[in-house]
Amino acid sequence: MITFFISVILLLLGYFVYSKIIEKILGVDPARATPATTMADGVDYVPMKPWRIFLIQFLNIAGVGPIVGAIMGAQFGTASFLWIVFGCIFAGAVHDFIAGFVSLRDKGCSLPEIHGRYLDNGTKQIMRYFTVILMILVGAVFVKTPAQLLITNFTPDWQLWIWPVIIFAYYMLATMLPIDKLIGRIYPIFGILLLMMAVFVMCAFVFRPEVHLTEVWDGLANQHPKADTNPIFPMMFVSIACGAISGFHATQSPLMARCMVNEKQARPIFYGAMIAEGVVALIWAAAATYFFHDKADLCAGQSGDAMVGVIANEWFTPVLAVVTVLGVIAAAITSGDTALRSARLILADTFKIDQKPIWKRFLVALPVFLLAGGILVYTFVDADGFQTIWRYFAWANQLLAMVTLWAITVYMTLRKKPYIITLVPALFMTMVCSTFIIISDSGFGLPHALSYILGGVITLGSCIWFFVWKAKKAEKLAKRLEI
């Protein structure tokens with residue numbers, strides 16, 4: 001219990017202390033015009049109130065990652081607390097803040113454009129399509145989870161396909177309509193549900209005397225039921241993605257950069273939303289840790305999303321359990337809709353298609369809908385379809401975070417700012433991603449020792465590449481970009 005509350009305090013200190021350091025380093029200028037005021041189009045560039053933008057950003061990035069991902073990560077034990085806290089403060093929130101700020105300074109450009117500007121054009125082309133594929137995976141994954149929760153907890157007699165069709169139809173509307181017409185209006189409701197959910201679970205720690213949470217000092221040994229094939233590093237660092245660092249977040253930040261009217265809003269919206277998500281992840285990781293340790297019989301054979309219902313129904317009255325499950329459903333839906341919207345915007349930027357006419361929006365979004373729909377069908381017809389898609393989504397998500405960290409490290413270097421704050425997370429995520437694909441059965445499946453050696457070699461090579469580039473090419477790139 002003490003570890004949990006210390007972790008929450010550390011996350012809050014990260015926001016009130018470290019985020020202000022980052023803000024000062026970036027040189028936030030409240031007098032500078034923002035894209036929402038200079039490029040307003042009534043569709044994507046729409047000035048909005050800060051509290052509304054924060055709620056949209058928080059809900060966009062939350063999804064089921066800090067809930068289902070944190071529950072899956074909790075299988076590894078209390079080591080998950082450390083990754084959520086320190087990953088969130090020094091990697092995830094920095095990643096979100098600086099990537100969002102770069103977009104804010106550059107006409108609200110989408111994430112692949114940032115990659116191209118600060119890495120190279122080839123990387124931009126690759127990341128355009130890679131990011132679109134990731135957004136489509138998110139859209140499909142975040143239909144399955146809320147649909148399954150709705151069927152299991154509220155409409156067990158309904159046909160399996162009804163809720164997925166309803167949710168996917170909503171995604172299509174949210175992708176097409178101006179951001180303030182649907183997303184901006186219903187997100188406050190979803191936000192209230194998500195926050196109530198987190199409050200209910202945290203209150204259970206305090207008011208249920210039988211709940212004794214494991215402390216970090218009780219040991220950091222791997223508690224995963226399949227520990228032999230799931231070492232803490234790198235598996236836990238991929239399982240807990242959105243609660244610590246997630247490349248998906250940086251795809252959402254440009255959406256909000258197009259709605260801000262003051263650069264001072266960047267810190268509370270980008271860094272603050274990530275800290276809020278870290279708190280949510282910490283709450284669910286703590287709850288799951290208790291259940292895996294003290295109520296193992298209830299957890300046997302349960303998937304991450306099914307554990308939500310197990311925890312809610314075991315701890316709460318029927319009414320509170322319903323609100324808790326609805327909060328998780330809201331989290332999933334509010335990431336799936338903006339994921340597909342991001343895919344539309346990235347494709348529109350790629351092919352330079354004006355998005356003001358609705359028929360052009362539909363033209364760009366149509367292949368996105370078709371692919372997401374196909375993947376969604378696969379997750380239902382194949383018994384292991386969801387788990388397969390989730391594994392590739394999780395790794396692709398962290399790989400995108402790694403590339404984004406390298407891009408913003410170049411940004412910091414060119415502007416002669418202390419790039420160490422992004423270089424260290426970039427190197428760490430390089431080690432995580434490279435080791436995961438080498439060691440995992442979803443990748444090459446090599447022995448652990450060899451995987452760590454190869455991951456270390458790749459990471460060391462990346463570090464050497466950076467300093468060679470800095471010495472020989474950084475000045476030339478700065479001149480070309482007129483920095």
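**View 1. Cysteines without partners.** A disulfide here is a pair of cysteine sulfur atoms within 2.5 Å. By that rule, this predicted model comes out with zero disulfides. Take C242: the nearest cysteine sulfur belongs to C88 and sits 11 Å away, so C242 is in no disulfide, given the 2.5 Å cut-off. C242 is also buried, at a relative accessible area of 3%. C203, for its part, is partly exposed, and its relative accessible area is 33%.

**View 2. Helix α3 against helix α12.** Two packed helices are described by the angle between their axes and the distance between the axes. For α3 (residues 50–62) and α12 (residues 266–294), the angle is about 45° and the axes lie 9 Å apart. That angle makes α3 oblique to α12. The crossing of α3 past α12 is right-handed.

**View 3. Side by side in the α3–α12 contact.** Who meets whom here? From α3 come P50, I53, F54, Q57, F58, I61 and A62. Facing them from α12 are P268, I269, F270, G272, A273, M274, A276, E277 and V280. Sorted by type, the residues of this contact are 13 nonpolar, two polar and one charged.

**View 4. Helix α4, under cover.** Zoom in on α4 (residues 65–74) and you find a helix that is mostly covered, with 10 of its 10 residues buried. The buried set runs G65, P66, I67, V68 and G69, then A70, I71, M72, G73 and A74. Each of these counts as buried because its relative accessible area is under 20%.

Key: Residues numbered from 1 in each chain as written. Predicted model: local features only at pLDDT ≥ 70, side-chain atom pairs only at ≥ 80, totals over all residues. Heavy atoms only, no water. Axes fitted to C-alpha atoms, helices over the stretch in contact; angles between N-to-C directions. Helix = DSSP H or I, 4+ residues; strand = E, 2+ residues; numbered from the N terminus. Parallel < 35°, antiparallel > 145°, perpendicular 65-115°, else oblique. Left-handed = near helix turned anticlockwise from the far one by under 90°. Contact = heavy atoms within 4.5 Å. Nonpolar A, V, L, I, M, F, W, Y, C, P; charged D, E, K, R; others polar. Buried < 20%, exposed > 50% of the residue type's maximum accessible area, 1.4 Å probe, protein only.
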